[in-house]
Amino acid sequence: MGRGKHCTPEKRAIIKKMVSDHKSYSEIRKLVGCSNKMIVNAKKFTQKSETRGRKRVLSPLMVKRLVRQCKKTPFMPATELKKELSMSASVETIRRRLRDNNLNACSPRKVPLLSRKHVAKRLEFARTHLEWPVEKWRNILWTDESKVVLFGGKGSRSYVRRPPNAEFNPKFTRKTIKHGGSSIMVWGCFSYYGVGPIYWIRTIMDKTIYVNILQEVMLPYVSEEMPLVWVFQQDNDPKHTSKLAKKMVSGQ
């Protein structure tokens, strides 16, 4: 005996409604055009979840543990996560489950290594100058030194798993410092009116070399490009705050 005709969801809903209204099987058969077997099946029918394909190696509970461990140690690679949690799944499966939870592997943003004191001072500076008009910002000359790496950064490339829009969260960044080999040091400046000259510092810079840069490079540029009244902006590097540098700047 062959299988009966498939009952559509619409017909099944009609049968259930008529059964709940206490209609007899004969009445339902005449109105819907179905068999008694179809009526019984419609009454017993319950929607089941999709179960196609092989069962996943990692259970929802294990995935939850994996995500929790990854958020706790964001720099831990998938191979170490597998060992840490003693998982039988492959490393690629672990990576897929992490990607499913918006924890993609990506290079961490590099930010300066700042202490709490540095952070507090930067926030204080930002709040103090929050309402400054554009006219005041036009009168500032910004200066600093920078290291240019010739042969790439030190160390191998690393990855971090982080949630969306969290690239600058301190927990997911890699700290950097300004020293190392295979690099050159340059001094430069800029203002509202454009980029100023760049100077190659060929030796280890001390306070005397810094003052010479200000006298021979910065001042000639300022006399031609900046307004008569302008503000010299630098950081608190010991060479910048030396007595010789302060005397030179205050004397101009």
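This is a predicted model: local features need pLDDT of at least 70, side-chain atom pairs count only at pLDDT 80 or more; totals for chains, interfaces and linings use all residues.
## Overall make-up

The protein chain contains ten helices and eight strands. Of its 252 residues, 25% count as buried. When the contacts between residues at least 6 apart in sequence are considered, 68% of them join residues at least 24 apart.

An open sheet of four strands, in the order 7-6-3-8, is built with mixed pairing. Strand 7 and strand 8 (231-233) stand at the edges of this sheet, and because each has a single partner strand, one side of each is left without a neighbour in the sheet. From one strand to the next, the twist averages 20°.

Both senses of pairing can be followed in the model. Strand 6 (residues 183-191) pairs with strand 7 (residues 194-201) in the antiparallel sense, over six bridges, and these two strands form a hairpin with two residues between them. Within this pairing, Phe190 has Val195 in strand 7 as its bridge partner. Strand 3 and strand 8, by contrast, run parallel and are joined by three bridges, and here Trp142 stands opposite Gln233 in strand 8. Helix 9 (residues 207-225) packs on the sheet, where it touches strand 3, strand 6, strand 7 and strand 8. The direction of helix 9 makes about 155° with that of strand 7.

## Thr143 within strand 3

Thr143 lies in strand 3 (residues 140-149). Is Thr143 buried or exposed? Buried means under 20% relative accessible area, and Thr143, at 7% relative accessibility, therefore counts as buried. The side chain of Thr143 reaches the backbone oxygen of Gln233 at 3.1 Å. If neighbours within four places in sequence are left aside, the residues in contact with Thr143 are Trp187, Gly188, Cys189, Tyr210, Phe232, Gln233 and Gln234.

## Helix 2 against helix 3

Helix 2 (residues 25-32) packs with helix 3 (residues 36-44) at an angle of about 100°, and their axes are 10 Å apart. Angles of 65 to 115 degrees count as roughly perpendicular, and helix 2 and helix 3 are therefore roughly perpendicular to each other. On the side of helix 2, the residues that meet helix 3 are Tyr25, Ile28 and Arg29, while helix 3 brings Asn36, Ile39, Val40 and Lys43 to the contact. By class, this contact of helix 2 with helix 3 has four nonpolar, one polar and two charged residues.

## Two loop residues with positive phi

Two residues in loops between helices are described next. His22 lies in the loop between helix 1 (9-20) and helix 2, and His22 has a positive phi of about 65° although it is not a glycine. At 73% relative accessibility, His22 counts as exposed. Ser86 is placed in the loop between helix 5 (78-85) and helix 6 (91-100). With a relative accessible area of 63%, Ser86 is exposed.

Val134, at 47% relative accessibility, counts as partly exposed, whereas Glu135, at 51% relative accessibility, counts as exposed. How many residues apart along the chain are Val134 and Tyr192? They are 58 residues apart along the chain, and their C-alpha atoms are separated by 9.5 Å. Glu135 and Tyr192 are 57 residues apart in sequence, with a C-alpha to C-alpha separation of 9.7 Å in space.

## Accessibility at a glance

The table gathers the relative accessibility of some residues discussed above.

| Residue | Relative accessibility | Class |
|---|---|---|
| Thr143 | 7% | buried |
| Val134 | 47% | partly exposed |
| Glu135 | 51% | exposed |
| Ser86 | 63% | exposed |
| His22 | 73% | exposed |

Terms used
Residues are numbered from 1 along each chain as its sequence is written. Side-chain values use heavy atoms; hydrogens and water are left out. Axes are lines fitted to C-alpha atoms, for helices over the stretch in contact, and angles run from 0 to 180 degrees between N-to-C directions. Angles under 35 degrees count as roughly parallel, over 145 as roughly antiparallel, 65 to 115 as roughly perpendicular and the rest as oblique. Contact means heavy atoms within 4.5 Å. Ala, Val, Leu, Ile, Met, Phe, Trp, Tyr, Cys and Pro count as nonpolar, Asp, Glu, Lys and Arg as charged, and the others, Gly among them, as polar. Buried means under 20% relative accessible area, exposed over 50%, partly exposed in between (1.4 Å probe, protein chains only). A polar contact is a pair of N or O atoms within 3.5 Å; within protein, one must be able to donate a hydrogen and the other to accept it, and residues adjacent in sequence count only if both atoms are side-chain atoms. Two strands pair if DSSP finds at least two bridges between them.
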